[in-house]
Amino acid sequence: MTLLTQLRMLQLASPSLPVGGFTYSQGLEWAVEAGWVTDVTSFKKWQQLQLEQVLIRLDIPILRRLYAAVFQHDVAAFRYWSAELIAHRETAELRREEQQRGAAMLRVLDGLQIAPEQPEWRQAIALSQLGGLSWAAGQWQLPLDQVTLIWSYGWLENAVMAGVKLVPFGQQAAQSLLADFSDELASRLPDAATLGDQQIGGSLPLMAIASARHETQHTRLFRS
């Protein structure tokens with residue numbers, strides 16, 4: 001892997017990437033207010049379920065398919081899997097977040113001058129941040145395993161930082177959580193690569209309830 005490739009991946013993984021990932025809690029804010037998540041232990045259980053059911057069973061398998069569609073120049077498949085991702089987001093808040101992040105990622109690609117010109121590709125990319133990430137990976141020839149790794153770690157970091165603000169807990173606890181989640185992620189990522197099309201998707205009813213309640217939560221730090 002060249003130094004430039006590594007630098008491109010660091011750029012895509014950077015929290016300074018202006019897509020707003022740090023502004024969403026994915027239901028955690030309401031879970032804290034409801035007393036479902038009250039400390040580091042309960043946060044860890046809450047987030048571990050999301051790692052298993054959302055990241056491993058949904059996001060990473062779909063990212064792999066979007067990546068393949070980019071390299072195969074298959075806009076129909078890319079649009080299909082983008083729509084599939086949106087369909088699996090169980091609340092209006094989660095669907096809106098996905099599309100807001102997708103639109104922001106398309107603006108990033110425009111600024112980097114690697115965005116597509118074809119309307120059908122632009123419309124599909126704007127549906128999700130995963131779509132924009134896959135397109136950037138294609139333009140910069142980034143390896144799939146590394147792309148899934150940077151996405152996964154960014155996902156974990158945003159989640160833990162939301163916990164720091166909301167639960168709350170300190171930075172040392174946050175680093176311990178990241179280390180623990182990274183251990184599990186390293187062992188579970190290979191599973192995401194083995195899922196067939198009909199096996200994609202997870203279910204987290206409590207997260208869906210928390211997200212739906214967050215849409216009308218009166219006092220909030222995070223976007224809806």
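Q26 sits in the loop between α1 and α2 (28-33), where helices (H or I, at least four residues) and strands (E, at least two) are DSSP runs numbered from the N terminus. The phi of Q26 is positive, about 55°, although Q26 is not a glycine. What you're looking at is a predicted model, where local features need pLDDT of at least 70, side-chain atom pairs count only at pLDDT 80 or more, and totals for chains, interfaces and linings use all residues. Residues are numbered from 1 along each chain as its sequence is written, and side-chain values use heavy atoms, with hydrogens and water left out.

**Around W155**

Q26 also turns up among the contacts of W155. Leaving aside neighbours within four places in sequence, W155 is in contact with Q26, Q47, Q50, L51, L55 and D59; contact here means heavy atoms within 4.5 Å. W155 itself belongs to helix α8 (residues 144-166). Is W155 buried or exposed? It counts as buried, because its relative accessibility is 9%. For that label, buried means under 20% relative accessible area, exposed over 50%, and partly exposed in between (1.4 Å probe, protein chains only). As for L51, its C-alpha atom is 9.1 Å from that of W155, although the two residues are 104 apart along the chain.

**Along helix α3**

Let's follow α3 from its start. D39 caps the N-terminal end of α3, with a side-chain oxygen 3.3 Å from the backbone nitrogen of T41.

S42 lies in helix α3 (residues 40-71) and counts as buried because its relative accessibility is 16%. Setting aside neighbours within four places in sequence, S42 touches W36 and V37.

Where is the kink in α3 centred? It is centred on L55, and the kink is about 45°. The bend at a residue is the angle between axes fitted to the seven residues ending there and the seven starting there. L55 is also one of the residues in contact with W155. After α3 comes H73, with a positive phi near 55°.

**Salt bridges**

How many salt bridges does a search of the whole structure find? The search finds eight, a salt bridge being a side-chain nitrogen of Lys or Arg within 4 Å of a carboxyl oxygen of Asp or Glu. Here are some of them:

| Pair | N to O distance |
|---|---|
| K44 and D180 | 3.0 Å |
| D59 and R89 | 3.1 Å |
| R101 and E97 | 2.8 Å |

Take K44 and D180, which meet in a salt bridge. K44 lies in helix α3 and D180 in helix α9, so the pair ties together parts that are 136 residues apart in sequence. K44 counts as partly exposed because its relative accessibility is 30%, and D180 is partly exposed with a relative accessible area of 34%.

Next come D59 and R89, joined by their own salt bridge. D59 is in helix α3 and R89 in the loop between α4 (75-88) and α5 (92-112), so this pair links parts that are 30 residues apart in sequence. Both D59 and R89 are buried.

Then there's R101 with E97, another bridged pair. R101 and E97 are four residues apart in helix α5, so about one helical turn separates them. Both are buried as well. Salt bridges that share partners also join D59, R89 and E98 into one network.

**Loops and surface**

Another positive phi belongs to Q141, near 55° in a residue other than glycine. Q141 is found in the loop between α7 (129-140) and α8, and it counts as exposed because its relative accessibility is 54%.

What kind of peptide bond joins V167 and P168? It is a cis bond, with omega about -15°. P168 belongs to the loop between α8 and α9 (171-192).

Finally, L10 lies in helix α1 (residues 3-13) and counts as exposed because its relative accessibility is 56%.

Methods
A polar contact is a pair of N or O atoms within 3.5 Å; within protein, one must be able to donate a hydrogen and the other to accept it, and residues adjacent in sequence count only if both atoms are side-chain atoms.
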